[in-house]
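Open the model in your viewer and keep the sequence panel beside it. The stops below say what to select and what is to be found there.

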Amino acid sequence: MKVKIGVVVTTQGPAALLGSSFLKAIRLAYEDLKDTAHRYDLVVEEIAGPDKAEPAIRKLIQTDKVNALVVGFSISGQIVKPYAEAAKIPLFCICSVGSVGDQIFTFTIMPLAEDEASQWIAEARRRGIKRIARLTQDYPSIDNHVRALKEEGAKVGIEFVYDPGIRLATHMMPYAYDSLKILVQGFERGDVLNHIRGMTEYDGTAGKITKKAGTGNFRSAPAVWVIRNGRPVLGDSVVEPMEAK
């Protein structure tokens, strides 16, 4: 059996670096497939911007007849979501907007905003941080994380004091890699949708991810990293708070 997995991602403009890295992760996961029962083909559509996904998804579903989808960026995921539902094929969006994963055929896999905010604020309190300067990107999923961070911080008296709106990129590569592997695992087991919806945990490349059976949002636990002797280490392995250098 041939299984086609469609990929939609922005590889131009301000998001080019992040989108190209996402695509490399997908292709790496594809190259790492070994001894599969089915033959898998990637059908990639590179788009000019996250909001330009509609023509690409129409082509993938109507012309290429893909069996599953992986999409980078939350804006693209929101556009693709109804098409995946109508075509009844599983969709993984590498984003942290929970509403994208709230339908039977749709899934998210990055840490949700609420999970990240809770972990971040707990670490900030441990270090005695009271005031935060925000450097972030004006983008729906990033805005969602900032909203959750502000809400969680307000509960314990942590204040945002600087917000210049500088654009920075964040990574989503491990989750792109994991999403393709999860889709292939589902196809290999014969019932991709029920397999993924029934999953409760997965040993991902960025650590264990969990999900309530029957739901669509995988919960990826955020982690705090610090720089020690010029190298990044997980915060749990550091006895005392360290400053980034």
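A residue counts as exposed when its relative accessible area is over 50%, and as buried when it is under 20%. Select lysine 88: its relative accessibility is 59%, so it counts as exposed. Lysine 88 sits in the loop that links α3 (74-87) to β4. Its phi is near 60°, a positive value in a residue other than glycine. Bear in mind throughout that this is a predicted model.

Now colour the whole chain by secondary structure. The chain holds 7 helices and 12 strands. Of its 245 residues, 48% count as buried. Among contacts with a separation of 6 or more, 59% are between residues 24 or more positions apart.

**Helix α1**

Select α1 and show its side chains. Which residues of α1 are buried? They are Leu18, Gly19, Phe22, Leu23, Ala25, Ile26 and Ala29. Look down the axis of α1: the buried residues fall within an arc of 155°, so they line one face of the helix. An α-helix has 3.6 residues a turn, so residues three or four places apart point the same way. Turn to the other side of α1 to find Leu17, Lys24 and Glu31, which are exposed. The cover over the buried residues of α1 includes β1, β2, β3, β4 and α6.

For a check on α1, take the distance between its end C-alpha atoms. They are 22 Å apart, which agrees with the 22 Å that 16 residues should span at 1.5 Å a residue.

Move on to the loop between α1 and β2, where aspartate 35 is found. Aspartate 35 has a positive phi, near 55°, in a residue other than glycine. With a relative accessibility of 81%, aspartate 35 counts as exposed.

**The nonpolar cores**

Select Ile5, Phe22, Phe92, Ile182 and Phe218, the residues with the most contacts inside the largest nonpolar core, which has 38 residues. The elements that give two or more residues to this core are β1, α1, β3, β4 (91-94), α6 (173-188) and α7 (192-198). The largest share, 9 residues, comes from α6.

Centre the view on isoleucine 182. Apart from neighbours within four places in sequence, isoleucine 182 is in contact with Phe92, Ile109, Ile196, Met199, Tyr202, Ile209 and Phe218. Then select Val43, Ala56, Val66 and Val80, which are among the 15 residues of a second, separate core.

**Helix α4**

The last stop is α4 (residues 113-126), whose 14 residues should span 20 Å at 1.5 Å a residue; the end C-alpha atoms are 20 Å apart, which agrees. Its buried residues are Ala113, Ala117, Ile121, Glu123 and Ala124. Viewed down the axis of α4, they fall within an arc of 160°, so they line one face of the helix. After α4 comes glycine 128, with a positive phi near 80°.

Key
Residues are numbered from 1 along each chain as its sequence is written. This is a predicted model: local features need pLDDT of at least 70, side-chain atom pairs count only at pLDDT 80 or more; totals for chains, interfaces and linings use all residues. Side-chain values use heavy atoms; hydrogens and water are left out. Helices (H or I, at least four residues) and strands (E, at least two) are DSSP runs, numbered from the N terminus. The expected span of a helix is 1.5 Å times one less than its number of residues. Buried means under 20% relative accessible area, exposed over 50%, partly exposed in between (1.4 Å probe, protein chains only). The arc is that of the directions from the helix axis to the C-beta atoms. A nonpolar core is a set of buried Ala, Val, Leu, Ile, Met, Phe, Trp, Tyr and Cys residues joined through side-chain atoms within 4.5 Å. Contact means heavy atoms within 4.5 Å.
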